[in-house]
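Student: I'd like to go through this one piece by piece. Can we start with a helix and what surrounds it?

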Amino acid sequence: MAEQDDNTDSPHVNSSSADVEVHALFPVSSSSSAATAPRLFPSFASAKNTVSSIFPITNTGLQQEPAHQWLANSSFSESLLPPPLPSVPSSFPASTLDIEVAGEHFKKGGGSGHNQHPGAVPSSDYGSSTDDDAERESAEKRRRKKKRRKRQKEEEERRAEKRKRKDKADDAETRKIGALDSTSVERKGAVTVWADIKESLPKEYYFDARGDRDNMAFGSLYRLDIARYRRQDLFKGMYGGSGRPSSQRLKRIDVGGDGMVEDEAVKSAGRYWSPKFSSLERKRKLRHVRLCKERFGFKQKEHNSAALGDFVPLEFEKAVQNTSSVAEDVDAGETWQEYVTRKTKEYNEQIRERSRDESLWISFANFQDELIQATEKKAVVQQAVEKKVAILEKALHILPDSEDLLLLYLESCQRRDTAAALVSKWEDAVSRHSSSFRMWREFLRFRCSQFSAFSVSSLRALYIRAFQSLVASRNRLHAKGLGRGEDDVNYVEAEQGLVSIFVDLCRFNWQAGHHELAVGLFQAGIEYSLFSPPIQLTESNKLRLFEAFWSSGAPRIGEDGALGWVTWLEKEEEQLQRAREVNLSGDDSEEQQDGGWTGWSEPEKEDSRTDVSLDNDAVDMEEDTEADADVVMEEEDDAALLEKLGLSLDAGKDVEVNDVTVWRRWVKREAQRDREQWLPLRSKYAKDTRDDVDIEDDGDELERIVDFEDIKESLFTLHSKQARSSLVCQILDFWDGPLSEWCCSNAWSYRSALESLESLKGTLLADVNDAERGDLSRSKYLAGLVGDSPWYEKSQAGARFLRNTFFAVRTVLTDDRRLLRGLFLAEDLATEETGLAAGSMSASRALGKKLLKTHRQDLSMWGAYACIEAAAGNITAARKIFDTALASLGALPKEVQQDAPILYLAYADLELARSSCGADTGAEQRALCILCSLGSGSEYSPQSFADGIPATQLLKSHRGFREQLQRVRTSDRGNLSEKGAALITCAALFEQLTSGWEAAASIFEEGLAMTLPGNRQQSFECEVLHLRYVNTLEKFKQAAKPARLRSTILRGLVQYPCNAKLTGAYIRSASQSGMSHKLRRFFDDASKRSPSTMLWLFALSCELWRPGAGPRIHSLFERALESKETRQSVLLWRCYIAYELHVASNPDAARRVYFRAIHACPWSKALWADGFRKLGLILSAKEQSEFVDIMREKELRIRTDVYEILLEDAEDDTLG
């Protein structure tokens, strides 16, 4: 290709140094003998030793130089001519115009227009004018044109300089070449026509003014004229390295000029995730096309409406062709500013029409979050926050009673207001909504997150305040006549909210280290609510009676020998009656027996009481004198030991511990005492002090005593059966009791217990491990990081306490089957040192036989006892128990017979479990016989179908199940009951054994449709039924399509997003299908809809075992701890610290996460202890000492003083 050198802008060039070859403009005739010069343009004729006569040459000494061979290269056959000049008046002949233009360009190219070759004769085709006026006119025109072109050149240079300042760095390096019309264009842009082009040319001549002599000088083409590429290492970033993604292809660079300029096609190359397009998407002037399936007439299926999100199917192009208006809208698009303006206008119009629509106001306020996320400028973000707050303030002015708007308003104010202003707004909000459990719960979460203002006593007072407000609200409902029946939804919800706040208070005290107070509150709550005397008393009289019981020293719930408050009160009444009878008979010598409350006895005489007090004072003085002497001697010994350490008792807590090993030993001692010291001690002034408790009158022991004043303000009475059952189940679940699912996963109590976990244990740990049951090596990660054993396995006293609690509450809640099964399991846990051992079930079996003697008509007792025998391996005994219970159904009352489907289902599950594991080949036939008996309504007998089941009996059972399902549909009225769910499951199992899994699936679908959509999310029975449905599809996954299984699981997760078993089933299904990308997408979408600790744990369990998943794991942790719902999850914070320390091996990151964790969750003593236990070698001794001081300042319970460790070291040195 041709190239001009740097002297092209000179107006005149010396003719002696000119190296120009001029070719004929038009083909001319030449002799055949004439030699031809090398032709740069093969389509034109050339002349030998002749030049065109259109330019007169005055220098006769100029010799014509032969053409250089290097100029014959075809690569130089470019036309460097500019675009055609503007049209001129038609009075000039075309030939004359061509001559003038060519002559002018020749001047620019380096020749002189006045120099001609000697003897050159002008061609007769053009002619020449000899008129002087014409010459002067022509010269004047040329002069004007020259001035005009000069002005144009200066103007273009100014514009080019302006553009040059705005160009990017790579454009600034681009070199420009000068064209013939004095403009600067790129080389490639100046090439208009090539020599070998086959198209018709717009002009018949072209000019080659100058070649590229650098090709001869350097022996090669210019480096930027060569196509180049950049090779990248495809394997560098495969396993978490810093290289580029391996999916990117080699990137070709096309050079369009003398600078490093990428072609537009190359600039636009790349995928949507490339940096160029990512930056382009952030530009506000880019016109976006937003597609929505509703605009094209597509309807989304119900089962994946929330799981898969908004999308446009493959029929998009066809739909667009059918809808011209939509196609025009798609082609147009809109900028970000146009989008914001349009949405704001739409919201304003809708709010004018529906000003009392709460959801519309919330949607308008949440739209401002898009503006916040779209920019990083603080001013714009603050403006959007102010606008969001203003919208919510206006909405609250119209809808002042809306809790959703108020909570969103308070959350938005956190971005703007100070902590003091936020507390003031929260105080005003809870005072106006004092009866709202939801408002109090969010206010307590907010106060717990305020590290600077946090203290255990202030939060405890706030809990008491919330508790009393909810009790007052419940009492107002009761005074209005509500709560008389079990169907009063508002009253039941009020009491369940009261129970949730009470359990949260107990959990808060336990996690802050005040174990005795938490256990005391649980004991007082159960005694006061479940074991109150059945007499009409005012609240003040009831509190007075309970104070006597609490201060008497009698055993409480969970302790050995506890009988309950009401039983204790009855015994006290009997003793009082006997004492009165003795007094009436004149027998004053008999002493009254100890124990219990004697508030109704006659007061003692003043003189006798004075004598007794004087004697007691004398004894106390002697004991105090001896105690003081012991204390003095002990202080002297401690002082002597501390002097050896360089310390003194007067220095107190100001002395620093410089050895980190001391703090490690301190945290071990503290953890040991936390495990051992949890049961409240009794005051030595109590009437019935336990013999095995040695109470010293010091500060540490006094803190372990729970007086009546500590629990007085937390007592309440429950009237609804649902609230009482919820209280018992939550307390047993808090102590990690062997309790099956006790409520729906959408319940507030379940979510609260899930978010307050400090370690992974119990059923949640089992579900996480079961999700990866295909590869057991994957399930070890979470268990190794934050796994822990249940509380009752850490001490034998804890298991005994749990067993006693189960046994006590069973006497009150007699019809709760979950408590009965937990009672049998807790009985074995209390008798075994290491928990439940295989084949060792003698304690529970003995208890079952004992209970069956007194509860012969309790079907739940029969079923639970049979399941215990089956778990112990006694299948024959379990079958005998089931057969006996089913055979005696006809003799039981009608209301008891209605629970028969639950017993039939338990028996059928036992047989099918034996059949699935291959232990018994005839178990499936026995299960079918059991289900046939239930379906046909005939009396059950083990020998009824010994020879097989006839076809007529199967048909009769099929019809019988249909009729019973119809009765369930009419009787339950849109709210499925427990026996109704059991009957549906039995019918599905019957269809599975007779017709196949598809018939069973249809029964499950029909049963799920019996519950109204509004009641489905809060129905525990509906959740269990859906889980049964999924288990059936998993069992027949070889026959059922994987898509059907996944769609069923997704539909269940939409209704129950916190169900761990459904989440584990989806993980197994996706893992077996090899769809890890869909699994990640599912967790990303689900975490946006309903984030929870359970969901984040399952997402982490799927990534921890993958090599190179470090960035993904960090992203999951950060998103989880930024979410409003899970930012205060102690379990996630502890898991993050353990991951950074043990998996990522980044101690500095673990240290940073630890500081963030204690700032977000300052009440968790376990989280504080992780700094000493796991980061003891990373944190300095001074930092650990400061942490202990902060824990004391926040009023966390510390049971071990570090000076005990120092004294032990001093004693060891002395003995050594």
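Student: What do the buried residues of H16 pack against?
Tutor: In this predicted model, the buried residues of H16 pack against helix H15 (437-448) and helix H17 (489-511).

Student: Which residues of H16 are buried?
Tutor: The buried set is Val456, Leu459, Leu462, Tyr463, Ile464, Ala466, Phe467, Ser469, Leu470, Val471, Ser473 and Arg474.

Student: Why would residues three or four places apart point the same way?
Tutor: An α-helix has 3.6 residues a turn, so residues at that spacing point the same way.

Student: How many residues does H16 have, and how far does it reach?
Tutor: H16 covers residues 456-479, which is 24 residues. From first C-alpha to last it reaches 34 Å, close to the 34 Å expected at 1.5 Å a residue.

Student: What comes just after H16?
Tutor: Gly481, with a positive phi of about 100°.

Student: Which residues other than glycine have a positive phi?
Tutor: Asp736 is one of them, with phi near 60°. Glu1195 is another, with phi near 70°.

Student: Where is Asp736, and is it buried or exposed?
Tutor: Asp736 sits in the loop between helix H25 (721-734) and helix H26 (748-755). Its relative accessibility is 17%, so Asp736 counts as buried.

Student: And where is Glu1195?
Tutor: Glu1195 is in the loop between helix H50 (1181-1193) and helix H51 (1202-1215). Glu1195 has 32% relative accessibility and therefore counts as partly exposed.

Student: Helix pairs now. At what angle do H12 and H13 cross?
Tutor: H12 (residues 378-398) and H13 (residues 403-413) cross at roughly 155°, and their axes come within 10 Å. That angle makes H12 roughly antiparallel to H13. The crossing is left-handed.

Student: Which residues meet there?
Tutor: From H12, the residues are Val385, Lys388, Val389, Leu392, Glu393, Ala395 and Leu396. From H13, they are Leu405, Leu406, Leu408, Tyr409, Ser412 and Cys413. By class, this contact of H12 with H13 has 10 nonpolar, 1 polar and 2 charged residues.

Student: What about H41 and H42, at what angle do they pack?
Tutor: Helix H41 (residues 1020-1035) packs at about 165° to helix H42 (residues 1042-1055), and their axes are 10 Å apart. H41 is therefore roughly antiparallel to H42. The crossing of H41 and H42 is left-handed.

Student: Which residues of H41 and H42 meet?
Tutor: His1026, Tyr1029, Val1030, Leu1033 and Glu1034 in H41 face Arg1044, Leu1045, Thr1048, Ile1049, Arg1051 and Gly1052 in H42. The contact of H41 with H42 divides into 5 nonpolar, 3 polar and 3 charged residues.

Student: How far is Arg1080 from Ile1067?
Tutor: Their C-alpha atoms are separated by 10.0 Å, and the two residues are 13 apart along the chain.

Student: And the chain as a whole, how many helices and strands?
Tutor: The chain has 51 helices and 4 strands. Of its 1216 residues, 43% count as buried. Among contacts between residues at least 6 apart in sequence, 67% join residues at least 24 apart.

Key. Residues numbered from 1 in each chain as written. Predicted model: local features only at pLDDT ≥ 70, side-chain atom pairs only at ≥ 80, totals over all residues. Heavy atoms only, no water. Axes fitted to C-alpha atoms, helices over the stretch in contact; angles between N-to-C directions. Helix = DSSP H or I, 4+ residues; strand = E, 2+ residues; numbered from the N terminus. Parallel < 35°, antiparallel > 145°, perpendicular 65-115°, else oblique. Left-handed = near helix turned anticlockwise from the far one by under 90°. Contact = heavy atoms within 4.5 Å. Nonpolar A, V, L, I, M, F, W, Y, C, P; charged D, E, K, R; others polar. Expected span 1.5 Å × (residues − 1). Buried < 20%, exposed > 50% of the residue type's maximum accessible area, 1.4 Å probe, protein only.
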